[in-house]
Amino acid sequence: MDKTIYCFYHLDMKDINLDRTDRHLLALLQSDSRLTYEELGEAVGLSAPATYQRVRKLEAGGVITGYHARVAPESLDRGVLVFLRVEPGAKTDVGKLALGWESAGEVLECHRLTGAYGYLLKLRVGDVSRLQPHLDAVRKAGGRVAAELGIETLFERWTLPTPS
């Protein structure tokens, strides 16, 4: 039976060729996604309509995947950072687990890994008691799970380098 994994995605970028202008636009938008097309165009040497077309091409091609506001987790009672390392068992229905992770608001990221643990999840919770349902779900599905609490975030990077 083919099991589909729902918590990760892959975009085929082989048909996307980014030139210097595209990379410059990406750098600008990563630093401030509220810039107008006029401001972006002025920075890269294009008219506002031409800039709009470039940005739309980047969105349609899956290069730009969204625009987001960064919110302080503590302001929404999500100050506790947790990483779960999940090792599925031989009979674990990972697809079902992944659907649960995807629908859980506390789970911010899910990564499929090499090595002993198959998945790494990043969660933000209000207190450690909110972890129990996640731990129970993995164990009930026949997997093993280890939780690591984040003590301090030294830095988080939200932008990717855009070499010329």
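**Aromatic rings and overall form**

I begin with a charge and a ring: the charged end of Arg85 lies over the ring of Tyr117, at 4.7 Å from the ring centre. Please bear in mind throughout that this is a predicted model.

Let me turn to ring pairs. How many aromatic pairs are there? The count is two.

Tyr37 belongs to helix α2, residues 37-44, and Tyr52 to helix α3, residues 48-60, so the pair ties together parts 15 residues apart in sequence. Tyr37 is partly exposed, at 30% relative accessible area, and Tyr52 is also partly exposed, at 35%.

The other pair is formed by Trp101 and Tyr119; with centres 5.8 Å apart and planes at 55 degrees, it is tilted. Trp101 sits in helix α4, residues 94-103, while Tyr119 sits in strand β3, residues 119-125, so that this pair links distant parts of the chain, 18 residues apart. Are these two residues buried or exposed? Both Trp101 and Tyr119 are buried.

Now to the chain as a whole. The protein chain contains five helices and four strands, and their order along the sequence is α-α-α-β-α-β-β-α-β. Its radius of gyration is 20 Å, whereas a compact globule of 164 residues would have one near 15 Å. The C-alpha atoms fill a box of roughly 55 × 40 × 25 Å along the principal axes. Of the 164 residues, 27% count as buried.

Thank you for your attention.

How values were computed: Residues are numbered from 1 along each chain as its sequence is written. This is a predicted model: local features need pLDDT of at least 70, side-chain atom pairs count only at pLDDT 80 or more; totals for chains, interfaces and linings use all residues. Side-chain values use heavy atoms; hydrogens and water are left out. Rings of Phe, Tyr and Trp (its six-membered ring) pair if their centres lie within 6.5 Å; planes under 30 degrees apart count as stacked, over 60 as edge-to-face and the rest as tilted. Helices (H or I, at least four residues) and strands (E, at least two) are DSSP runs, numbered from the N terminus. Buried means under 20% relative accessible area, exposed over 50%, partly exposed in between (1.4 Å probe, protein chains only). A charge sits over a ring if NZ of Lys or CZ of Arg is within 6 Å of the ring centre and within 35 degrees of the ring normal. The radius of gyration is taken over C-alpha atoms; the globule rule is 2.2 Å times the number of residues to the power 0.38.
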